Amino acid sequence: RGPRRAGRETTPADDDANDDRYDRYGGSGNGEPCGGVSCAAAGKFHTVCATADGAVYVWGHGRGGRLGVNVKAVYAGDEAVLAPARLAEFGVNTRFGGKSFGLRVVAVAAGKHHTLAATECGLAFSWGLSRDGCLGYLLGAEEEASAVSSSTRAVSSISGDERFSPTPRRIAGTLKGIRIVAVSAANRHSVVLTAAGDVYAFGSNARGQLGVALGSALDHSHSPKRVDLTGARSIADGGGRRCVGVACAKAHTVALTADGDAFQWGHGVPGGPRRVDVGSGLVHRDGGGSPGRGFVVHQGVTSRATPGRLVAVAAGATASLALTADGAVLAWRSDDKALRCSHVRGIPDQVVSVAAGKCRCAAVTASGDVYSWDVATEGSNEAAPFRVAGIKRVVSVCVGEKHSLALQRIARPPRETIPTLDDEDDDRYDDR
C-alpha cells in the first residue's frame with residue numbers, strides 16, 4: 001500500500017484557518033519563501049531546504065518524524081506531504097509588532113530517517129528517528145517522565161524501541177556553548193562542524209563512522225564525540241587540524257581541512273581518520289615529472305599555486321568526491337582501504353559544486369550546467385557523466401538515494417521596471 005497524499009487534497013477550509021494541524025504544514029498564512037532557497041538536502045524519503053530568511057521547508061514521506069511536521073497522520077501514519085511545508089520553529093517572524101525574531105537556519109542535512117539543522121547563532125537541531133543515537137540526545141522513559149508538555153519536547157514510538165522526536169529539538173550536551181556552522185546526516189549517524197574547526201559525530205559506530213577505534217566499548221553514542229584528527233586537543237584548545245567541511249554516508253565520514261586535505265574514517269577500517277590519496281588522481285603533464293611542476297588536473301586547466309588543493313568534499317555510499325581549487329573532480333571508492341582517487345573525466349568545464357548519493361554522483365559547472373553519472377557497482381561498469389537536460393543557471397546540487405535537487409539562480413528585473421499595457425504611451429519606453 002502506497003503512502004496517502006497530503007497537499008491539495010488536505011488543504012484546510014476557511015473554518016480550519018486556526019487549526020494547529022495546518023499551522024504545522026505552513027498552510028495558514030506563512031506565505032512563500034522569502035529571498036529564495038539558500039541550502040537544501042535530499043534524503044531517501046524526504047527533502048529539506050532553508051530559505052534566505054532562515055525558514056525551513058520540508059516535504060516527502062514523514063513516518064518516524066523525519067519531516068518535523070507535528071501531525072500524527074504524517075509522523076505515525078502513511079500520509080505524505082507533497083507541497084513544501086514550513087516548520088514553525090524556524091525563520092524570522094514579523095507578525096508581532098513588526099519586530100523580527102526567531103531562529104534563522106543556515107545549514108540543513110537529510111538522513112535516511114532523521115534531519116539536522118544549524119542556525120545562524122550556532123545552535124544545532126535534530127528530529128526524526130533516533131536509531132543508535134543519531135539525534136544527539138536520549139529519547140526514552142526517563143526523558144518522557146521529565147519532559148515538559150510541549151510539542152517541541154515530544155517523544156513518540158512507532159514500534160518497540162523505535163523512538164523518535166516528531167518535531168525539532170536542540171542538540172545540547174557536549175555541544176552546549178559550541179557554535180555549529182555545518183551539519184551532515186546519514187543512515188544511523190550524524191556529524192556537525194564547529195566554528196573553531198572541530199568535528200563532532202554521534203550515532204552508530206558499527207563501521208567506525210564516529211572516528212572511534214573499532215573493537216572499543218563504544219558501538220554507538222547519543223552524545224556528540226569530537227573526532228581526533230591527529231591531535232589530542234581540540235582546535236579551540238590549540239590542537240588537531242582545523243576542518244572547514246564535513247560529509248557522511250551510510251558507513252563512513254569525510255572531512256575537509258583548512259589546508260586543502262581530505263580525511264575519511266569508517267567502512268570497518270581500523271585506525272581512525274586517514275588522509276585521502278589526492279595525488280593518485282592527479283595526472284602529470286609530462287607523464288611522470290616531479291610534483292612541483294604543473295599538473296594537468298582538469299582537461300587542460302592547470303593547477304599552479306596549490307596543485308591538488310581541495311575546496312569541497314561529498315560522501316556517497318559507493319563513491320565519494322573531492323573538488324579541487326581549479327575545478328577538477330576527484331573520486332574514490334568509499335570502501336577502498338587505500339583511498340586512491342581517480343580523475344572524473346567527461347565534464348567539459350570547471351566544476352563549482354559536487355554531490356554524491358547511494359549510487360549516483362553529480363557536479364555543477366561554472367556555466368551552470370549539471371552533469372550526473374552512476375557509480376559502478378558489482379557486476380556493472382562505470383558510466384560516463386552526462387549533462388542533465390532541461391536545467392540551466394544551476395549553482396549547487398544535492399543527490400539523495402532516489403531523487404536529486406538543483407538550486408537554480410533566477411534573475412528578473414525589479415517589479416516596478418516591468419512595462420505594462422498602460423505604459424505604451426509613456427515616453428519612458430519609447431526608445432525600448
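Which residue lies over the face of tyrosine 137? In this predicted model, arginine 169 takes that place, 4.5 Å from the ring centre. The legends below describe this and other close-up views.

**View 1. Arginine 169 and the ring of tyrosine 137.** The view shows arginine 169 over the face of the tyrosine 137 ring. The distance to the ring centre is 4.5 Å.

**View 2. A cluster of Phe90, Phe125 and Trp127 linked by ring pairs.** The structure has 3 aromatic pairs. In one of them, the ring centres of phenylalanine 90 and phenylalanine 125 are 5.3 Å apart and the planes meet at 85 degrees, so the pair is edge-to-face. Phenylalanine 90 belongs to the loop between strand E5 (79-86) and strand E6 (105-110), whereas phenylalanine 125 belongs to strand E8 (residues 124-129); the pair therefore ties together parts that are 35 residues apart in sequence. Phenylalanine 90 also pairs with tryptophan 127, in a tilted arrangement with 5.9 Å from centre to centre and 35 degrees between the planes. This pair joins the loop between E5 and E6 to strand E8, across 37 residues. Phenylalanine 90 and phenylalanine 125 are both buried. Phenylalanine 90 has a relative accessibility of 2%, and tryptophan 127, at 0%, is likewise counted as buried.

**View 3. An open antiparallel sheet of 4 strands.** The strands follow the order E22-E23-E24-E25. Strand E22 (310-314) and strand E25 (342-343) form the edges, each pairing on one side only. Strand E24 (residues 329-333) runs antiparallel to E25 and is joined to E25 by 2 bridges. Across these strands, alanine 331 stands opposite serine 342 of E25.

View 4. Cysteine 361 is buried, because its relative accessibility is 1%.

**View 5. Confidence along the protein chain.** The mean pLDDT of the chain is 79, and 70% of its residues reach 70 or more. Over residues 1-31 pLDDT stays under 50, and the model has 50 contacts beyond four places in sequence for them. Residues 284-305 also stay under 50, with 40 such contacts. Where pLDDT is low, the predicted coordinates should not be read in detail.

Key: Residues are numbered from 1 along each chain as its sequence is written. This is a predicted model: local features need pLDDT of at least 70, side-chain atom pairs count only at pLDDT 80 or more; totals for chains, interfaces and linings use all residues. Side-chain values use heavy atoms; hydrogens and water are left out. Buried means under 20% relative accessible area, exposed over 50%, partly exposed in between (1.4 Å probe, protein chains only). Two strands pair if DSSP finds at least two bridges between them. pLDDT is the predictor's confidence in each residue, from 0 to 100. Contact means heavy atoms within 4.5 Å. Rings of Phe, Tyr and Trp (its six-membered ring) pair if their centres lie within 6.5 Å; planes under 30 degrees apart count as stacked, over 60 as edge-to-face and the rest as tilted. A charge sits over a ring if NZ of Lys or CZ of Arg is within 6 Å of the ring centre and within 35 degrees of the ring normal.
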